[in-house]
Amino acid sequence: MVATPLFTVLMPTHQRPDVIGHAIRSVLAQTERSFELLVVGDGAVSGTEEAVRAFAKDPRVRWLDFPK
């Protein structure tokens with residue numbers, strides 16, 4: 001049985017695949033470990049999904065793509 005996360009972090013992104021990895025690492029470095037991170041692409045540019053998928057080994061990180 002998977003425990004329900006204590007809270008959800010919502011990270012919208014649009015045109016910043018160059019910094020999204022840094023932002024994700026910042027969230028993952030927090031002392032509280034019981035969370036889920038939803039990275040939401042709002043018409044995100046090429047390279048964004050790949051940058052987020054680099055964190056696919058961490059089950060707390062999920063990519064949601066909403067093309068324009």
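This is a predicted model: local features need pLDDT of at least 70, side-chain atom pairs count only at pLDDT 80 or more; totals for chains, interfaces and linings use all residues.
## Overall fold

The protein chain holds 2 helices and 3 strands. Along the sequence they follow the pattern β-α-β-α-β. The radius of gyration is 12 Å, close to the 11 Å that the globule rule gives for 68 residues, so the chain is as compact as a globular protein of that length.

The C-alpha trace spans about 35 × 20 × 20 Å along its principal axes.

## Surface and burial

The accessible surface of the protein chain is about 4700 Å². Carbon and sulfur atoms account for 58% of that surface. Of the 68 residues, 32% count as buried.

## The nonpolar core

In soluble globular proteins, nonpolar side chains tend to be buried together. Here the largest nonpolar core has 13 residues. Those with the most contacts inside this core are Met11, Ile20, Ile24, Leu37, Val39, Val52 and Val61.

Four named elements each give two or more residues to the core: α1 (20-28), β2 (35-42), α2 (48-53) and β3 (61-66). Helix α1 gives the most, with 4 residues.

## Helix α1

Which residues of α1 are buried? They are Ile20, Gly21, Ile24, Val27 and Leu28. Seen down the axis of α1, these buried residues fall within an arc of 125°, so they line one face of the helix. The geometry of a helix bears on this spacing. An α-helix has 3.6 residues a turn, so residues three or four places apart point the same way.

The buried residues of α1 pack against both strand and helix partners: β1 (7-13), β2, α2 and β3.

## Val61

Val61 is among the core residues with the most contacts inside the core. Which residues does Val61 contact, leaving aside its neighbours within four places in sequence? They are Ile24, Leu28, Leu37, Val39, Val52 and Phe55. Ile24 and Leu28 are also among the buried residues of α1.

## Thr48

Thr48 is found in helix α2. Is this residue buried or exposed? Its relative accessibility is 0%, so Thr48 counts as buried; the cut-off for buried is under 20%.

Residues up to four places away in sequence are again set aside for the contacts of Thr48. Beyond them, Thr48 touches Thr13, His14, Pro17 and Trp63.

Note on methods: Residues are numbered from 1 along each chain as its sequence is written. Side-chain values use heavy atoms; hydrogens and water are left out. A nonpolar core is a set of buried Ala, Val, Leu, Ile, Met, Phe, Trp, Tyr and Cys residues joined through side-chain atoms within 4.5 Å. Buried means under 20% relative accessible area, exposed over 50%, partly exposed in between (1.4 Å probe, protein chains only). Contact means heavy atoms within 4.5 Å. The arc is that of the directions from the helix axis to the C-beta atoms. The radius of gyration is taken over C-alpha atoms; the globule rule is 2.2 Å times the number of residues to the power 0.38. Accessible areas come from the Shrake-Rupley method with a 1.4 Å probe; for residues, only the protein chains shown count as cover.
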